Amino acid sequence: DKLSKHKIVIQAIGLACYYGLERLLGPPPPRRVTLTQREIDVLRLLTEGLSAPTIGKKLYISDRTVEWHIDKAVKQLGGRNRIQAVVLAIRDGLIAPHQ
């Protein structure tokens, strides 16, 4: 998978942006976001740099369903895109950073 070799760079950029904003603006107010287990599973797999088709195969769901879960998670977390949603989910302790 082409994205897998760049996943650590994408994670680093997202986290650097988050911590840079936190230094400028202070910590964000606490949020109480509840994601479904499937949304959490999809976000965890995104931290591994997997694409929607690959995530769908791993979870036995369609690519379209994967995208639907991602969109729901992005909206609930208040993000603008999937990378920001992953960063926010890590920040809020909903998922652990990929090691």
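I start with E39, which forms a salt bridge with K72, their closest N and O atoms being 3.1 Å apart. This pair links distant parts of the chain, E39 sitting in helix α2 (residues 37-47) and K72 in helix α4, 33 residues apart. A salt bridge here is a side-chain nitrogen of Lys or Arg within 4 Å of a carboxyl oxygen of Asp or Glu. Helices are DSSP runs of H or I, at least four residues, numbered from the N terminus.

On provenance: this is a predicted model, where local features need pLDDT of at least 70, side-chain atom pairs count only at pLDDT 80 or more, and totals for chains, interfaces and linings use all residues. Residues are numbered from 1 along each chain as its sequence is written, and side-chain values use heavy atoms, with hydrogens and water left out.

E39 is buried at 1% relative accessible area, while K72 is partly exposed at 28%. Buried means under 20%, exposed over 50%, partly exposed in between, with a 1.4 Å probe and protein chains only.

H69, also in helix α4 (residues 63-77), is buried at 9%. Beyond neighbours within four places in sequence, H69 is in contact (heavy atoms within 4.5 Å) with R38, E39, V42 and I61.

The whole structure has 4 salt bridges. Among them, D41 pairs with R44 at 3.7 Å between the closest N and O atoms; these two are 3 residues apart in helix α2, so about one helical turn separates them. R91 and D92 form another, at 2.8 Å between the closest N and O atoms.
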